[in-house]
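Here is a short note for a colleague who is opening this entry for the first time. Please read it with the structure in view.

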Amino acid sequence: MLNFKYSIPTEIYFGKRQIKNLSSGIKKFGSTVLLAYGGGSIKKNGIYDEIIKIFSDNNIKFIELNGIEPNPKLTSVIKGVDLCRNNNVDIILAVGGGSVIDCCKAIAAGVYYDGSPWDFCIGKAIIKKALPIGTILTLSATGSEMNGNAVISNWSTKEKLSLSSPYVKPKFSILDPTYTMTLPAKQTAAGTVDIISHVFEQYFSNTEGTYITDRISEAIIKTCIHNAPIAMENGNNYDARANLMWASSLALNELLSYGKVTDWATHAMEHELSAIFDITHGIGLGILIPHWMEYVLDEKNAWKFAEYGKHVWGIADIENKLSMAKESIKKTSDFFVSLGIPKNLYQVSITKNKLEEMASKAVSRGPIGNFKKLYKEDVLAIFKKAF
Ligand code: NZQ
Ligand code: ZN
């Protein structure tokens, strides 16, 4: 295990009716809020009305930014920056899934920066200050509610890149699992795959001596495998929703990356798919993961896949680790299929003529992944296999 510093400053209010903490959470930072949300799900399920009532009962002034897209666009970030500057906003409240929260993080940092917020994504500028952010999470998936990452799409360059800074970690997040009960089964499935993929990106590592993190990781994966089918069958099952929600936060709040080198190749590849074809992040990952696993598997690392299969899927421990590893990969793929995730890229309207371009872009800043370094020809081979 490598050295690390433990710091997860976001206050979490978890459970039913935790929105009761909204007003006090905001008032620590001021009383003018940018209320940011997506395409309208929070109006349909009543969360919006609850928030407006709390604002009006507590003399909280607000300005709205609505219509933040899935795979949030730079144009929405710029709109939000202008709104914050023109209205002297004290704090941003992001209500939604990862897309809304990510957009708000880029806005929060962009307010204090003279150039384009895109500069944070291309490494041209470093975030030195940001407006405070609070979140109300409505989709269990990205972990954005408890981390300092944001992924932004620049539609004019067809790029999807991330920024990362401790300054944009939410000050508080309200995690009420009942708010996820209106999610369509497709989003529950995609969110679950995203959670599992975050664990994989950190679990498949060459750092030795990470027993504790590995066992926590396996527990989070098992939580997803157990609860996603229940939540998809009965969207109102509170405990299934609650377990998925906490799994989402724990999978990507740095807990699983402390003391180890992590991978992130599958995410780098998926971001190229959604940058050009605007597909759902978790679905792109679900298609790529089994192919990535098959591609990187070799005699030397087979023990890791075998250990995963034994602890997560209950695969019998035999001497032939390669055979155990292959069974583990098949179990993973079958599980994704059982959630309704397609097996191939063409099924989500990805076209073959773009594979080469996407592979080049994925490695434009150098090879990706650490469990096994991937170069352009590797990425292209994985895309072709997944096609
Ligand atoms: O826009 P609305 O109308 O709210 O609808 C959304 C959206 O269409 C809907 N939805 C959300 N909560 C709902 C609901 N519908 C009904 N009931 C509810 N309770 O779900 C759709 C998808 O929402 P989105 O926020 O896009 O999904 P997700 O949370 O999966 O976020 C995906 C984005 O996060 C990035 C992804 O790349 C993608 O851009 N990621 C962010 C990460 C981070 N910040 O750490 C890490 C991830 O790996 C990921 O890359
Ligand atoms: Zn992800």
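The points below concern a predicted model, and they cover a metal site and some salt bridges.

1. Metal site. The zinc ion (ligand 2) has four residues as protein donors: D194 through OD, and H198, H267 and H281 through NE2. Along the chain, their spacing reads D-x3-H-x68-H-x13-H.

2. Reach of the site. H198 belongs to helix α7 (residues 185–203) and H281 to helix α11 (residues 281–296). The two histidines are 83 residues apart, and the pair links distant parts of the chain.

3. Salt bridges overall. The structure holds 17 salt bridges. Side chains of opposite charge can pair when their charged atoms come close.

4. K260 and D214. In this salt bridge the closest N and O atoms are 3.1 Å apart. K260 is in the loop between α9 (238–251) and α10 (265–277), while D214 is in helix α8 (residues 211–233), so the bridge ties together parts that are 46 residues apart in sequence. Both K260 and D214 are buried. The two residues also belong to a network of salt bridges in which D214, K260 and K304 are linked.

5. K330 and D334. Here the side chains meet in a salt bridge with an N to O distance of 2.7 Å. Both residues are in helix α13 (residues 321–338); because they are four residues apart, about one helical turn separates them. D334 is partly exposed, with a relative accessible area of 34%.

6. E356 and K376. What is the distance between the closest N and O atoms of this salt bridge? For E356 and K376 it is 2.7 Å. E356 lies in helix α14 (residues 355–362) and K376 in helix α15 (residues 376–386), so this bridge ties together parts that are 20 residues apart in sequence. E356 is partly exposed at 43% relative accessibility. K376 is also partly exposed, with a relative accessible area of 27%.

Notes. Residues numbered from 1 in each chain as written. Chains lettered and ligands numbered in written order. Predicted model: local features only at pLDDT ≥ 70, side-chain atom pairs only at ≥ 80, totals over all residues. Heavy atoms only, no water. Donors = N, O, S within 2.8 Å, 3.2 Å for Na, K, Ca; no water. Salt bridge = Lys/Arg side-chain N within 4 Å of Asp/Glu carboxyl O. Buried < 20%, exposed > 50% of the residue type's maximum accessible area, 1.4 Å probe, protein only.
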